[in-house]
Amino acid sequence: ELKSILIGAKINRIIEPDGDEVIFTLYSGKVFNLILSASAKYCRVGITCLEKQSPLTAPNFCMLLRKYLLGGEIIGIRCV
């Protein structure tokens, strides 16, 4: 379901509001937020309209994602 929205989207911003949650701000004709949650209770991937604040200092994992993914384009999605 997300393929039609995500393919070709540019990654503009990455935040990690919680230790088990990452939010990508994407642009594909319009701006939207993709949430990736690895929470044991609420694991999910989806589009959200919630605006969460990023912490004052970004965690190391978030900085790593920003280094390699910021400005990139999503070219494919697959489930392994």
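1. Helices (H or I, at least four residues) and strands (E, at least two) are taken here as DSSP runs, numbered from the N terminus. On that basis the elements of the protein chain run α-β-β-β-β-α from the N terminus on. The radius of gyration, taken over C-alpha atoms with a globule rule of 2.2 Å times the number of residues to the power 0.38, is 12 Å for the protein chain, close to the 12 Å that the rule gives for 80 residues, so the chain is as compact as a globular protein of that length.

2. This is a predicted model, in which local features need pLDDT of at least 70 and side-chain atom pairs count only at pLDDT 80 or more, while totals for chains, interfaces and linings use all residues. Residues are numbered from 1 along each chain as its sequence is written, and side-chain values use heavy atoms, with hydrogens and water left out.

3. Taking contact to mean heavy atoms within 4.5 Å, residues 24 or more positions apart account for 44% of the contacts in the protein chain with a separation of 6 or more. Along the principal axes, the C-alpha atoms fill a box of roughly 30 × 30 × 25 Å.

4. Buried means under 20% relative accessible area, exposed over 50%, and partly exposed in between (1.4 Å probe, protein chains only). Of the 80 residues of the protein chain, 30% count as buried.

5. Leaving aside neighbours within four places in sequence, Glu-21 is in contact with Ile-15, Glu-16, Ile-35, Leu-36, Ser-37, Arg-44 and Lys-52. One of these, Ile-35, is 14 residues from Glu-21 in sequence and 7.2 Å away in space, C-alpha to C-alpha.

6. Leu-50 has its place in the loop between strand 4 (44-48) and helix 2, and at 54% relative accessibility Leu-50 counts as exposed. Leu-50 and Ile-15 are 35 residues apart in sequence and 13 Å apart in space, C-alpha to C-alpha.

7. The lining of the largest pocket deserves a separate look. Strand 2 (21-27), strand 3 (31-37) and helix 2 (60-69) each supply at least two residues of that lining. With Ala, Val, Leu, Ile, Met, Phe, Trp, Tyr, Cys and Pro counted as nonpolar, Asp, Glu, Lys and Arg as charged, and the others, Gly among them, as polar, the lining residues divide into twelve nonpolar, two polar and one charged.
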